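Welcome! Take a moment to look it over before reading on.

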Amino acid sequence: MSSVDPNLRREVFGWYSHRLGMDMPVVRYGHWGPAMLLFPTAGGDFLEAERMGLIQSVAHHLFAGRFQIFSINSINPWAWMNPGIPLHEKAHNQARFSDYVEQEVVPHIRGCLGNGHARIGAAGASFGAFHAANAFFRRPDLFELLLGLGGFYDLQPEFLHGFWSEEVYFNNPVSYVPNLPEGSNMDLLRHHSRIHLVTSRGAWEFPGYSEHLSHLLHQRGIPHNLDIWGEDMPHDWPTWYRQLDHYVAERLGY
């Protein structure tokens, strides 16, 4: 059963992804405005944000047409959160997931927008922020906004345990961001993108993750906003309700 306002436009779509070898659903909330692609947390699916109340927390913005949200499944159950899969296979599945986002999800969203050239937003909380950042920094020609809430941006050491490969490198933001080549994508990052790394000093939160990525971005001359909230903001859904609502209302330009 849906836990969002029944009057809110909500559409579930999906297709069989040959890249991933599985059916991949997509849910859309809202009817108008810029698109935000939302990635779930560690063990979540495409409906997690709805079940946990995040969609309802910004429903007033969705009703107003300030933006719309598209939410997809994560690769984590077939990669980083599955202890029964070898590390090289996890890395390969992560790489295929990135291709799925870039080659399948973005064209679908652009089709919904009626704009084949639209750059969209990437957002997520916790592990979702990692996937959002990876999508954004890999392809700034496809993504113009990053909103990471309580995120981390490095799979090492918690998930890689020393394993390394080309597929890991190109899907681990703190690895490749320092080495991004000069050119059109770097120009987009420096002059035509918005980056918000939002964290806190509350329970279960590790602001050092966001501070480390911020340091790397400073080194490359990439403008961004590092926003560290207080000790009363734990690493949990009520914090993300407030942060997402605040950023849509005041900071994203929607």
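This is a predicted model: local features need pLDDT of at least 70, side-chain atom pairs count only at pLDDT 80 or more; totals for chains, interfaces and linings use all residues.

**A closer look at Phe 143**

- Not counting residues up to four places away in sequence, Phe 143 touches Leu 37, Val 101, Val 106, Arg 119, Ile 120, Gly 121, Ala 122, Ala 135 and Phe 136.

**The chain as a whole**

- Ten helices and eight strands make up the secondary structure elements counted in the protein chain.
- The radius of gyration is 17 Å, close to the 18 Å that the globule rule gives for 254 residues, so the chain is as compact as a globular protein of that length.
- Along its principal axes, the C-alpha trace spans about 50 × 40 × 40 Å.
- Of the 254 residues, 55% count as buried.
- If you look at contacts between residues at least 6 apart in sequence, 71% of them join residues at least 24 apart.

**Surface and charge**

- The accessible surface of the protein chain comes to about 10,700 Å², and 54% of it belongs to carbon and sulfur atoms.
- The chain carries 18 positive and 26 negative charges, whose mean positions are 5 Å apart.

**Pro 40, in a loop**

- You will find Pro 40 in the loop between strand 3 (35-39) and helix 1 (48-51).
- Pro 40 has a relative accessible area of 4%, so it counts as buried, the cut-off being under 20%.
- Leaving aside neighbours within four places in sequence, Pro 40 is in contact with Asp 45, Glu 48, Ile 72, Asn 73, Ser 74, Phe 127 and Gly 128.
- One of those partners, Asn 73, is 33 residues from Pro 40 in sequence, with 6.8 Å between the two in space, C-alpha to C-alpha.

**Asn 93, in a helix**

- Asn 93 sits in helix 4 (residues 87-113).
- Its relative accessibility is 6%, so Asn 93 counts as buried under that 20% cut-off too.
- Beyond its neighbours within four places in sequence, Asn 93 is in contact with Leu 20, Ile 75 and Trp 78.

Technical notes:
Residues are numbered from 1 along each chain as its sequence is written. Side-chain values use heavy atoms; hydrogens and water are left out. Helices (H or I, at least four residues) and strands (E, at least two) are DSSP runs, numbered from the N terminus. Buried means under 20% relative accessible area, exposed over 50%, partly exposed in between (1.4 Å probe, protein chains only). Contact means heavy atoms within 4.5 Å. The radius of gyration is taken over C-alpha atoms; the globule rule is 2.2 Å times the number of residues to the power 0.38. Accessible areas come from the Shrake-Rupley method with a 1.4 Å probe; for residues, only the protein chains shown count as cover. Lys and Arg count as positive and Asp and Glu as negative; His and the chain ends are not counted. The place of a charge is taken as NZ of Lys, CZ of Arg, CG of Asp or CD of Glu.
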